[in-house]
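Here are my notes on this model, as numbered points. Please keep the structure open while reading.

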Amino acid sequence: MKPAQLLLAYQRLIERERELRDDIERVESLLSVNPDVVAAEEALANVRAEQQALQLRLRESDRERESHRTRLRSREKELMSGRIRSPSELMQMSEEVKHLKASFEEKEEAELHLMEEGELAEAAVLESAERLDEARTRATSDEPTLRHDLASWQTELEAVQADSAGIWAQVPLAAQNAYLRVRAHPPVAEVDRNQCLACHVTVTSSGMQALRKGDGIVTCENCSRILVMA
Ligand SMILES: [Zn+2]
């Protein structure tokens with residue numbers, strides 16, 4: 001192979017190496033933290049927190065309702081006891097009892113509402129827990145395939161690295177330096193029908209002649225990539 005062809009082969013191997021590294025990294029992170037499982041865990045934690053907050057409010061409201069009921073009962077008893085003789089006092093107390101009854105009913109209503117919310121929250125927790133199970137099952141069932149892919153990519157990566165090192169060693173020093181000097185990426189471009197395929201500018205006739213003759217390094221006058229016949 002001519003130096004430019006060696007450099008093209010080298011460049012292709014380097015590109016393959018990069019792809020493999022990306023794939024390996026992606027699968028490794030998927031195997032260590034599966035984003036679907038993480039999202040399902042977060043969702044479950046959120047609905048659980050909501051459920052706990054509701055339970056707390058329900059207990060609080062239960063306590064309030066009970067103390068309210070106790071007050072109401074004792075007032076009613078007092079009212080019925082016949083100990084209070086003054087009509088104005090009786091009137092006042094009966095007003096108070098009426099008021100306590102109304103607010104007790106309100107509290108009961110509110111508590112019923114809280115209980116309904118609590119049931120909904122419980123259903124949401126169950127559903128989220130199921131989703132998490134599903135996500136975990138999915139992750140586990142994907143795992144063998146992912147591990148298999150990972151192993152085959154790692155094997156290929158080692159081969160690609162060995163190949164690219166072998167090819168690089170065959171590239172004459174001047175060509176190696178020329179390759180390393182190119183700032184454009186990727187550094188080698190193929191030429192087809194007198195055109196640099198990277199920047200699509202026509203290669204000069206002297207450039208084409210040099211390319212056909214072939215042992216030296218010819219660069220594109222426009223993008224300065226190393227040219228090689230397609
Ligand atoms: Zn070019």
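1. Domains. The C-alpha centres of domain 1 and domain 2 lie 57 Å apart. Domain 1 covers 3–171 and domain 2 covers 175–229; such bounds come from an automatic or database domain assignment. Their contact takes eight residues from domain 1 and 11 residues from domain 2. Two residues are in contact if their C-beta atoms, placed from the backbone, lie within 7 Å. On the domain 1 side, five of the residues are nonpolar, two polar and one charged. Here Ala, Val, Leu, Ile, Met, Phe, Trp, Tyr, Cys and Pro count as nonpolar, Asp, Glu, Lys and Arg as charged, and the others, Gly among them, as polar.

2. Basis. This is a predicted model: local features need pLDDT of at least 70, side-chain atom pairs count only at pLDDT 80 or more, and totals for chains, interfaces and linings use all residues. Residues are numbered from 1 along each chain as its sequence is written.

3. Helix H3. Helices (H or I, at least four residues) and strands (E, at least two) are DSSP runs, numbered from the N terminus. H3 holds 84 residues, 87–170, and should span 124 Å. That is 1.5 Å times one less than its number of residues. The end C-alpha atoms of H3 are 117 Å apart, which agrees. A kink of about 40 degrees lies at glutamate 143, shortly before proline 144. The bend is the angle between axes fitted to the seven residues ending at a residue and the seven starting there.

4. Sheet. Three strands form an open sheet in the order E2-E1-E3, with mixed pairing. E2 (195–196) and E3 are the edge strands, each with a single partner, so one side of each has no neighbour in the sheet. E1 (residues 188–192) pairs with E3 in the parallel sense over four bridges; pairing requires that DSSP finds at least two bridges. Valine 191 has methionine 229 of E3 as its bridge partner.

5. Alanine 230. This residue lies in the segment after E3 (226–229). Alanine 230 is exposed, with 11 other C-beta atoms within 10 Å. The classes are buried at 20 or more, exposed at 12 or fewer, and partly exposed in between, with C-beta atoms placed from the backbone. Valine 191 is 39 residues away from alanine 230 in sequence, yet 5.4 Å away in space, C-alpha to C-alpha.

6. Backbone checks. The peptide bond from histidine 185 to proline 186 is cis, with omega near -5 degrees. Histidine 200 has a positive phi of about 65 degrees. Serine 224 has phi near 60 degrees.
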